[in-house]
Amino acid sequence: MIYKRSSALFSEAEKVIPGGVNSPVRAFKGVGGTPIFVKEAKGAYLFDEDGNRLIDYINSWGPMILGHAHKPVVDAVVEKAQKGTSFGMPTEIETKIAELAVSMVPNIDKIRFVNSGTEACMSAVRLARGFTGKDKIIKFAGCYHGHSDSFLIQAGSGASTFGTPNSPGVTQGTAKDTLLANYNDIDNVKAIIEANKDEIACIIIEPVAGNMGCIPPKDGFLQALRTVCDANNILLIFDEVMTGFRLAKGGAQELFGIKADIVCFGKVIGGGLPVGAFAARNEIMDYLAPVGPVYQAGTLSGNPLAMAAGLAMLNELNTKSHIFDSINEKTEYLHKGIAKVLSDNNIVHTINRVGSMISVHFDEGEVYDFTTAAKGNNDTFKNFFHGLLNEGVYIAPSAFETWFITEALTYQDLDFTINAINKVAKTL
Ligand code: PMP
């Protein structure tokens with residue numbers, strides 16, 4: 001495929017935007033080459049500035065679970081935009097989406113809307129600290145909770161792709177309050193708690209990790225975290241920015257039957273507009289300003305366009321609940337298809353999948369934490385990525401990312417993809 005115009009646009013962008021991108025994961029730094037510039041997108045397809053059509057397995061890193069330019073979402077935004085785009089005053093639609101989210105997600109009474117997943121996680125941790133009166137937090141190596149200072153300690157996603165899991169600019173004072181545990185290792189968590197008795201406010205976790213590829217929680221791991229949190233007066237925060245409204249209506253809490261104390265959302269909840277949210281039971285949420293002492297605010301929070309998109313998206317998922325089964329079946333079909341063609345071509349691999357989140361690792365053996373995820377063969381991944389791009393299939397330009405399957409994909413698209421992988425596998 002030809003990417004002449006994308007390359008030219010990237011050169012222009014580099015002059016005025018650091019690295020030519022507004023979020024590092026969009027750069028092709030991990031795989032080489034220049035990023036593709038998108039002109040428009042519809043359903044399961046991206047159309048780039050050179051006129052190429054690509055089947056999209058990133059889907060804006062998760063939000064476009066029903067495909068790009070999904071009509072009910074677009075209509076809701078267009079209608080709202082004509083009535084004013086921001087007021088900084090309460091609007092009815094904020095209550096409507098809050099009511100719907102609270103009805104879909106288990107174990108939450110109230111929800112506060114913000115503008116990104118980063119803000120949601122950052123605010124959730126502040127709330128946990130305020131509520132418990134303790135300072136330290138536990139996060140897991142390879143998990144990503146946005147770019148707030150406390151989380152840039154062994155962070156996954158772009159931070160790992162570019163070799164900067166611990167960012168300069170985060171003070172030692174902040175870093176010392178973030179304790180790092182190994183994903184899926186409950187004994188490690190218990191040892192950290194023991195060594196920091198009565199100092200830990202919360203454990204924050206991606207209940208299915210999606211920022212070091214897709215890493216499922218081992219059987220009993222999330223339950224063991226719940227138990228250890230209860231025993232030590234620690235709040236359990238589920239960062240459901242990826243899993244929320246994707247793995248089930250009620251996200252990972254519903255799928256695994258585990259109650260979190262605070263839940264963070266992003267991506268799907270905004271229908272593709274900038275939205276994040278955090279939610280909990282009344283006792284915790286009433287600790288937030290203006291009712292309680294923990295401060296958190298936002299000029300554009302609850303923005304009418306964002307709320308319209310989010311409400312339309314959640315309405316679709318709430319009323320058409322077969323969607324969750326349908327995307328899971330599509331992802332399983334893809335999983336089996338990829339496994340077959342990679343095996344047929346003798347390519348060493350492991351595929352991880354939970355629901356409609358899936359990742360391909362070029363290594364043998366179980367991939368269950370950051371260390372095992374980082375062992376994958378990056379050269380093979382690079383060739384795989386560029387080979388697929390050439391065939392018109394777009395996956396994330398990093399081995400540390402998950403593919404997000406959209407309901408807009410047809411079985412023909414999936415067969416096309418599996419065929420493309422078969423062709424590429426012969427070249428690896
Ligand atoms: N948490 C998780 C699990 C994420 O995957 C991300 C983003 N990929 C974030 C938080 C941060 O969200 P945002 O990029 O909207 O700030």
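Colleague: What distance separates the centres of domain 1 and domain 2?
Modeller: First, a caution: this is a predicted model, where local features need pLDDT of at least 70 and side-chain atom pairs count only at pLDDT 80 or more, while totals for chains, interfaces and linings use all residues. Residues are numbered from 1 along each chain as its sequence is written. Domain bounds come from an automatic or database domain assignment. Here that assignment gives domain 1 (4-69 + 321-425) and domain 2 (72-319). Their centres, taken over C-alpha atoms, are 25 Å apart.

Colleague: How many residues does the contact take from domain 1 and from domain 2?
Modeller: Two residues are in contact if their C-beta atoms, placed from the backbone, lie within 7 Å. By that rule, domain 1 puts in 34 residues and domain 2 puts in 34 residues.

Colleague: Which element gives the most to the side of domain 1 that touches domain 2?
Modeller: Elements are DSSP runs numbered from the N terminus: helices are H or I with at least four residues, strands are E with at least two. On that side of domain 1, β12 gives the most, with four residues.

Colleague: What classes of residue make up that side of domain 1?
Modeller: Ala, Val, Leu, Ile, Met, Phe, Trp, Tyr, Cys and Pro count as nonpolar, Asp, Glu, Lys and Arg as charged, and the others, Gly among them, as polar. The side of domain 1 touching domain 2 has 19 nonpolar, eleven polar and four charged residues.

Colleague: At what angle do helix α2 and helix α11 cross?
Modeller: Axes are lines fitted to C-alpha atoms, for helices over the stretch in contact, and angles run from 0 to 180 degrees between N-to-C directions. Helix α2 (residues 71-81) and helix α11 (residues 304-319) cross at roughly 150°, their axes coming within 8 Å. Angles under 35 degrees count as roughly parallel, over 145 as roughly antiparallel, 65 to 115 as roughly perpendicular and the rest as oblique. So α2 and α11 are roughly antiparallel.

Colleague: And how do α14 and α15 pack?
Modeller: Helix α14 (residues 378-390) meets helix α15 (residues 411-425) at about 130°, with axes 9 Å apart. That makes the pair oblique. F384, G387 and L388 of α14 touch A420, I421 and V424 of α15.

Colleague: Which residues come nearest to the ligand?
Modeller: A residue is near a molecule if its C-beta atom, placed from the backbone, lies within 6 Å of it. Of the 17 residues around the ligand, S116, G117, T118, G146 and V241 come nearest. Helix α4 (residues 117-132) supplies the largest share of that shell, three residues.
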